[in-house]
Amino acid sequence: MDSRTATTRSKSKEEPRTGDHPQIRTDGVSKTYGSKSGPVEALSDVNFDVDHGEFVSIVGPSGSGKSTIFRIIAGLEAPTDGAVLVDGAPVKEPGPDRGMVFQDDALFPWRTVAGNISYGLEEVGPPDGFTTDERIDYCLDLVGLADKADAYPKELSGGQRQRVGIARALAVDPPILLMDEPFGSVDARTKASLHQELLDIWAETKKTICFVTHDIEEAVYLSDRIVVFSNAPGTVLDTIPVQLSRPRDRTGDAFTEIKANVLSYFEDENE
């Protein structure tokens with residue numbers, strides 16, 4: 001493959017996806033917050049799609065509204081203008097079709113690992129074909145924590161806590177996994193291990209993943225496509241395909257070229 005194909009900036013609308021509609025569509029999403037000094041515009045006319053089974057990352061500088069669009073897709077906030085559609089239906093509130101993983105793992109300290117994973121199952125029940133215990137065991141195996149079922153969060157490393165967060169999000173078998181800088185607080189070695197584990201989970205479960213990060217290398221390593229946000233108010237500067245086979249060589253020329261292409265948008269924004 002000619003790596004230039006993967007790094008050329010798009011000049012037109014994204015190519016049509018397969019199926020009747022993308023799994024996630026942000027349609028002209030804007031968000032303005034009130035403050036003592038007046039309105040603060042966080043997002044302006046954000047438009048991008050995530051197709052079924054895709055791994056799409058959102059990157060941008062601090063304050064670009066990445067986490068805001070995450071929260072709107074999750075149904076935790078409403079847009080001021082525009083809409084988010086999931087499988088063609090407007091998002092109004094959180095739902096079991098969207099599992100969420102945050103940078104702060106937000107585990108319940110009084111619950112064991114198994115107890116944390118069971119939280120969503122207690123609300124909506126296990127997926128078809130599973131008992132609750134079977135689903136917990138499956139998710140523990142999926143994230144490599146079968147031997148930690150009875151441990152408490154304080155007994156786990158940062159990487160293990162994030163694995164529990166992923167297992168909890170996957171427990172009710174949502175078709176979509178939303179991840180907001182989930183590996184931002186772990187060391188580089190642990191992050192590299194978590195990257196590969198996440199890709200393995202994605203390959204096995206066939207989830208659609210929308211991943212927010214400020215780490216460009218992380219986005220290039222993980223993603224099928226990268227959505228580049230501008231400085232505040234955040235809007236989409238470009239959507240860049242990452243047409244590299246997996247596993248990816250972080251030191252390879254094609255990888256480095258795509259990373260430099262994404263980085264150039266941040267440099268342009270600061271000029």
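Helix 5 itself covers residues 132–142. Helices here (H or I, at least four residues) and strands (E, at least two) are DSSP runs, numbered from the N terminus. This is a predicted model: local features need pLDDT of at least 70, side-chain atom pairs count only at pLDDT 80 or more, and totals for chains, interfaces and linings use all residues. Residues are numbered from 1 along each chain as its sequence is written, and side-chain values use heavy atoms, with hydrogens and water left out.

Which residues of helix 5 are buried? They are Arg-135, Ile-136, Cys-139, Leu-140 and Leu-142. Buried means under 20% relative accessible area, exposed means over 50%, and partly exposed lies in between (1.4 Å probe, protein chains only). The buried residues pack against helix 3 (113–117), helix 4 (119–124), helix 6 and helix 7.

## Overall shape

The protein has 9 helices and 10 strands. Its C-alpha trace spans about 50 × 45 × 40 Å along the principal axes. A compact globule of 271 residues would have a radius of gyration near 18 Å, and the protein has 19 Å, which agrees. The radius of gyration is taken over C-alpha atoms, and the globule rule is 2.2 Å times the number of residues to the power 0.38.

Of the 271 residues, 48% count as buried. The protein exposes about 12900 Å², and carbon and sulfur atoms supply 49% of that area. Accessible areas come from the Shrake-Rupley method with a 1.4 Å probe; for residues, only the protein chains shown count as cover. A contact means heavy atoms within 4.5 Å. Among contacts with a separation of 6 or more, 70% come from residues 24 or more positions apart.

## Confidence

How confident is the predictor, and what share of the residues score at least 70? The average pLDDT is 90, and 92% of the residues score at least 70. pLDDT is the predictor's confidence in each residue, from 0 to 100. Over residues 1–18, pLDDT stays under 50. For that stretch the model has 30 contacts beyond four places in sequence.

The bond from Ala-232 to Pro-233 is cis, with omega near -5°. Pro-233 lies in the loop between strand 9 (225–229) and strand 10 (236–241). The bond from Arg-246 to Pro-247 is also cis, with omega near 0°. Pro-247 belongs to the loop between strand 10 and helix 9 (253–269).

Asp-173 has a positive phi of about 60°. Its loop runs between helix 6 (158–170) and strand 7 (176–180). Asp-173 counts as partly exposed, because its relative accessibility is 38%. Glu-181 has a phi near 45°. Its loop joins strand 7 and helix 7 (188–205). Is Glu-181 buried or exposed? At 15% relative accessibility, Glu-181 counts as buried.

## Gln-23: a buried loop residue

Gln-23 is in the loop between helix 1 (3–7) and strand 1 (24–33). Its relative accessibility is 4%, so Gln-23 counts as buried. Which side chain makes a polar contact of 2.4 Å with the side chain of Gln-23? The partner is Thr-208. A polar contact is a pair of N or O atoms within 3.5 Å; within protein, one must be able to donate a hydrogen and the other to accept it, and residues adjacent in sequence count only if both atoms are side-chain atoms.

Beyond its neighbours within four places in sequence, Gln-23 is in contact with several residues, including Val-50, His-52, Leu-85, Asp-87 and Ile-176.

Thr-68 is found in helix 2 (residues 66–74). Thr-68 is buried, because its relative accessible area is 13%. Not counting residues up to four places away, Thr-68 touches Lys-31, Tyr-33, Ala-42, Leu-43 and Glu-77.

Pro-61 lies in the loop between strand 3 (55–59) and helix 2. At 19% relative accessibility, Pro-61 counts as buried. Pro-61 and Phe-266 are 205 residues apart along the chain, yet their C-alpha atoms are separated by 7.1 Å. Phe-266 is one of the residues that Pro-61 touches, not counting those up to four places away; Lys-66, Phe-229, Ser-230 and Asn-231 are the others.
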